[in-house]
Number of protein chains: 2
Amino acid sequence: MKKNSDLYFTVDRAFKILLENITVPKRIELVPVFESLGRILKDDVIAQENIPIHNSSHMDGYAIKSTDVTIASKKNPVLLKISHSESILGNLPHHIMKKGEAFRIQTGGYMPLKSDAVIPIENIKIINNDLVEIVKPIEKGSFVYSAGSDIKKGKKVLSKELAIRVQHMGLLASLGISKISVFKKPLVSIIPTGNELTNDIERNKGNKEKKVVNINGHIISSLVSGLGGISIDMGVTPDDVDILKRKMNHALKTTDLIITIGGTSAGKQDIVKSTIDSMASSRIIAHKIKLDRGRVTGLAAVNKKPILIMPGPIQGTLNAFFVFARPLISLFSGQTTINVFTVSAIMVEDWTCRKKFHDFRKIVYVNLIKFKDKFYANPIIGETQSMSLIVDTNGYVIVHENVTNLFKGDVVQVNILPGYSYVNDIQFMG
Amino acid sequence: MKKNSDLYFTVDRAFKILLENITVPKRIELVPVFESLGRILKDDVIAQENIPIHNSSHMDGYAIKSTDVTIASKKNPVLLKISHSESILGNLPHHIMKKGEAFRIQTGGYMPLKSDAVIPIENIKIINNDLVEIVKPIEKGSFVYSAGSDIKKGKKVLSKELAIRVQHMGLLASLGISKISVFKKPLVSIIPTGNELTNDIERNKGNKEKKVVNINGHIISSLVSGLGGISIDMGVTPDDVDILKRKMNHALKTTDLIITIGGTSAGKQDIVKSTIDSMASSRIIAHKIKLDRGRVTGLAAVNKKPILIMPGPIQGTLNAFFVFARPLISLFSGQTTINVFTVSAIMVEDWTCRKKFHDFRKIVYVNLIKFKDKFYANPIIGETQSMSLIVDTNGYVIVHENVTNLFKGDVVQVNILPGYSYVNDIQFMG
């Protein structure tokens, strides 16, 4: 190993060089506001209207003129005459309040002109369906939600690059915005390679077909979707340079990012890399990465589009996804700041890095649980192709170069990944 | 208010009576494993196969007989002859290892019979493409991933009611399972009511149409989907008992759970409740709930199906969703334990409950941020129809009955809701 160590790139250096050799797509589309959940906002949003657009009530009750009840008390109740018209939600009343009047209004209803306070239905007595009895003074503005008091016209209400949530959709619609500019979702081609692969689980059951089920392609596809990409399954692909080259050329023409899985190894011929090498305007950025597991990961660019060359064993595939695909999909989705949700957790066991990999970036798989208000992370160690390991875990910790140990009691940052970590799972509960 | 307080139900009592009056659907469907992400597993899964199914290598290198190299040293290297056949992934080799042989193998490849160790490619020298030079003894079992060492046949590998994640899909496929029994997603009808409502944002811009945009229906619809339900938008519905009754009857026949929004209030006629009252075999469980905001929430059952009657103002709608719809959708999705992902956070401001609502359950909206490894919750207070309030928040705290204050520095549990909390949002980052 030592003899080759100069050929290994750190994760950061490889990623930096990759970014220098690709173009980040910034394609825009206009989508209906209520179909924009999870999309990345292209521009800042400035309110073009007040919310509420007119003064409105935030109680069910009666709009009044506060000056009418200045002298009201239990001893000297004031009687106001109930107006014949009443508020209809969405309508600014034509009615103009006269002295001594009470105007029936509901929560959210617009106030009639010259009214300035609302008295809630539960604080009054109604006499003969005709009069409202008020027994104490009411301050001007009571229970009035004045125009612009929620959102003022001209205010910047949302910032570009925000991931749109339900409340943002609600705000946009309230502001009269029906369609919104967002970044197009990146198209991600997934090419699982290997003569051994099959998608036919049923036929290969008990290894009858002497094949290996294509699992990683499907896992990566789900993770891509979970991060807001659109995954294009290019299908299992034999170890055949011509076929691989045709698929890659197609993927390069039609999608934004290409992920290959398998066909990269320290031992056998690197079919993916030799295919890329044979392509015009190709550039292999890094053959080997200081990433454990996952050191045979590769990065390449062809015509300014990135190709992530992921190892076949599941931990290698996932790790390459965590450190390269995840931030790349984030960038390609329109966010210039790469954010990953992490929770602080207490290590419940020691962890030691594998010999020879001290200066690598390490991925530690953990089982994250919440117990009595605190998160705990239990590191799970296992072979690179172990399914039980990934099934027993629901988060991962990134251990930086030259950090060789995590100790029981250490606070670590556990990365939460949609589809893998599943925040509503019972495992998150104490 | 005081005079009516006996009519109010606590959240827990209302929910309990609702459960006694409805039937929780337990419909099953068989779905392809790689389309099962997020679905709730119906049964425990027992491994019917070993993983790996045969002894296999977890390095690229050579399979050998460890007894051949017992005496190997730098001074006395052992030379093994490279076999003409080599491993093909997925194939159990026909080859039976002879003494003095080395069999080319890759990670995941099955070991030939009578081999018992693997030497990694980086630890050997190959001479003339014909001989492998080994300079130290290799322990029996080295780098061998023996049959069943990952998963043993007969082991219970997944528990019923689990929410399926990518790693579970991978495990199921590895075990030769192509389809899996999961609970059907519940169908949730959403009926936004009110003469004032419109879905036409564009036409009503600047309140031109004197209408109110139906925002809450769309927000609830997105939240239902985020929790794994299928939302059926029944469209904006006028305050008309006949129309409402027809829609509700249709919803009761075709879906599992009905959510109405609006048309429930302390002030005006409760059109939704009077409609339900007029239906055969209807039962109003609770008219008013000790929930702030959201006290005009109602629960009903018709033909053993639940109807959640949510207030129109956005905070009331959301709160009714948090305390009733969220657990109900969880139950209706097949989980008998209701789990909600929460993070512990430190309050950065005091919060005091509103007067008169001490014995209510209170929902406190917070802006949750992560800073230097800790979560902090900033309570945001505002009117019941405030859009800016919900836009400024990304989580909520449930404050139990008779708790009247939260103090700066208190540790609270902030509920995370998919679509509302958005775990990958920049707001979660320090």
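This note goes through selected features of a predicted model, point by point.

1. Basis. The model is predicted, so local features need pLDDT of at least 70, side-chain atom pairs count only at pLDDT 80 or more, and totals for chains, interfaces and linings use all residues. Residues are numbered from 1 along each chain as its sequence is written, chains are lettered from A and ligands numbered from 1 in the order in which they are written, and side-chain values use heavy atoms, with hydrogens and water left out.

2. Sheet in chain A. Six strands build an open, mixed sheet in the order β8-β5-β7-β6-β10-β9. Strands here are DSSP E runs of at least two residues, helices are H or I runs of at least four, and both are numbered from the N terminus. Two strands pair if DSSP finds at least two bridges between them. The edges are β8 (117–120) and β9 (125–127) of chain A. Each has a single partner strand, so one side of each is left without a neighbour in the sheet. Neighbouring strands are turned by 40 degrees against each other on average, direction ignored. Axes are lines fitted to C-alpha atoms, for helices over the stretch in contact; angles run from 0 to 180 degrees between N-to-C directions.

3. β5 (residues 61–64) and β7 (residues 101–105) of chain A run antiparallel and are joined by 3 bridges. A63(A) stands opposite F103(A) in β7(A).

4. Sheet in chain B. Again 6 strands form an open sheet with mixed pairing, here in the order β17-β14-β18-β23-β22-β19. β17 (230–233) and β19 (282–286) of chain B are the edge strands, and each pairs on one side only. The twist averages 25 degrees from one strand to the next. β19(B) and β22(B) pair in the antiparallel sense over 4 bridges. S282(B) has V302(B) in β22(B) as its bridge partner.

5. Helices on the chain B sheet. α1(B) lies across β19, β22 and β23 (305–310) of chain B. Its direction is at about 160 degrees to β19(B). α7(B) also packs on the sheet, touching β14 (187–192), β18 (257–261), β22 and β23 of chain B. The direction of α7(B) makes about 165 degrees with that of β23(B). Contact means heavy atoms within 4.5 Å.

6. Helix against helix. Two packed helices are described by the angle between their axes and the distance between the axes. For α1 (residues 11–20) and α7 (residues 314–332) of chain B, the axes come within 11 Å and cross at roughly 35 degrees. From α1(B), the residues V11(B), A14(B), F15(B), L18(B) and L19(B) meet V323(B), F324(B), P327(B), L328(B) and L331(B) of α7(B). By class, this contact has 10 nonpolar, no polar and no charged residues. Ala, Val, Leu, Ile, Met, Phe, Trp, Tyr, Cys and Pro count as nonpolar, Asp, Glu, Lys and Arg as charged, and the others, Gly among them, as polar.

7. A buried lysine. K273(B) is in helix α6 (residues 271–277) of chain B. K273(B) is buried, at a relative accessible area of 2% (buried is under 20%, exposed over 50%, partly exposed in between, with a 1.4 Å probe and protein chains only). A polar atom of the K273(B) side chain lies 3.4 Å from the backbone oxygen of V296(B).

8. Backbone points to check. Most residues other than glycine have a negative phi, and most peptide bonds are trans. I51(A) and P52(A) are joined by a cis peptide bond, with omega about -10 degrees. P52(A) is in the loop between β3 (45–46) and β4 (56–57) of chain A. A cis bond also joins D292(B) and R293(B), with omega about -15 degrees. R293(B) lies in the loop between β21 (291–292) and β22 (298–302) of chain B.

9. Positive phi. F143(A) has phi near 55 degrees. F143(A) sits in the loop between β10 (131–134) and β11 (144–145) of chain A, and is partly exposed at 33% relative accessible area. N129(B) also has phi near 55 degrees. N129(B) lies in the loop between β9 (125–127) and β10 (131–134) of chain B, and counts as exposed at 72% relative accessibility.

Methods
A polar contact is a pair of N or O atoms within 3.5 Å; within protein, one must be able to donate a hydrogen and the other to accept it, and residues adjacent in sequence count only if both atoms are side-chain atoms.
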